[in-house]
Amino acid sequence: MDTIKKELATRVSILYYEEKFSQNEVASKLGISRSYVSQLLTYARLNNIVKIVVNVESLYPHSIRKEIEFSKYFPRVKQFHFMKSESLEDTKKHIGKFAVPLLVNLIRKANIITVDPGTSVEKVISELKPSSFSNCQRKKVVPLSGGIDNINVRLHSSDFVRSLGQVLNCKYYFLNSPILIENCSLRNALLKEKNAQEIINLWDNTDLAILGIGNISKDSTLFSSCSDSMIKEIKNSKTVGEIGVNFFDKKGNYLPLLEKYRVSIPFKKLKKIDTKIVVAFGEQKAPALISILRANLIDILISDSITAYAMEKYLNN
């Protein structure tokens, strides 16, 4: 009986999948009911008579399978977007254009937008075009932090908010301060200034944040602004990831580091923002990304396939 059923299921499968007959036509040809054809097709799939392969590799530019897998790992994250990439240089070249279609509608819907002065965010903002936005004059763009400006690195928040504000043709704000100030009295006095207070108040009503991620290493962008004592404090902690100068261990627990020095959005204000988009890539950032994902500080992640594989490897270790 089982052999007869397998032979019939094979015949039904050939007619349906290869000869492209409808289920009704198959039923008529073989003298069986339409419902039995459906049962035989299911039987064929369950018994490896038929194998259905979904070819997602041709669906450029997304790594669809990885996006689905990570949605299972982190169900609270609204969206994962992994650009297919062959190399780090390939990602650096194309990540901005990849991200733009994902961001345009979110930017259109937002009222107050904050941006992080990071290299990944810079690539995205540089690809945004004024023609994609109209009637955005009432929006506001505010910095997430002070800037990084030294001999080796210049990523100042003023440049970022100006660029995005000009694209949207809306009001934008400057926070004229380094991201870290070692003199605590000077830092506290600066935060009491009218300009800084206005931005701090706007953070409470920000509904969209465009962010990067920092990994903890001597080559990280943030470390270029840290004093030796600050670096020592970070290295002596269990820090794995950093976002907006907010630090987290590998389990996603917040670590209160450099709080008396930093000029950036506090953890509690950052967490309250409705939509937090992170643009980050690089195999070395895998631990940091997992840390921030576990901290529930990413609503939408934009990265690449290379980073996704590194993250998956880190998760499975």
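I take contact to mean heavy atoms within 4.5 Å, and I use DSSP runs numbered from the N terminus for helices (H or I, at least four residues) and strands (E, at least two). Axes are lines fitted to C-alpha atoms, for helices over the stretch in contact, with angles from 0 to 180 degrees between N-to-C directions.

This is a predicted model, so I noted its limits: local features need pLDDT of at least 70, side-chain atom pairs count only at pLDDT 80 or more, and totals for chains, interfaces and linings use all residues. Residues are numbered from 1 along each chain as its sequence is written, and side-chain values use heavy atoms, leaving out hydrogens and water.

**Sheet.** I looked up the strand order and found an open sheet of 7 strands, β1-β13-β12-β7-β2-β3-β6, with parallel pairing (two strands pair if DSSP finds at least two bridges between them). Its edge strands are β1 (79–83) and β6 (171–172), each pairing on one side only. Next I checked β2 (residues 112–115) and β7 (residues 208–211), which run parallel and are joined by 3 bridges. Ile-113 has Leu-208 in β7 as its bridge partner. Helix α13 (residues 305–316) lies across β1 and β13 (300–304), at about 105° to β13.

**Helices.** I then turned to α2 (residues 23–30) and α3 (residues 34–46), whose axes come within 8 Å and cross at roughly 105°. They are therefore roughly perpendicular to each other (65 to 115 degrees; under 35 is roughly parallel, over 145 roughly antiparallel, the rest oblique). Gln-23, Asn-24, Val-26 and Ala-27 of α2 meet Arg-34, Val-37, Ser-38 and Leu-41 of α3 in this contact.
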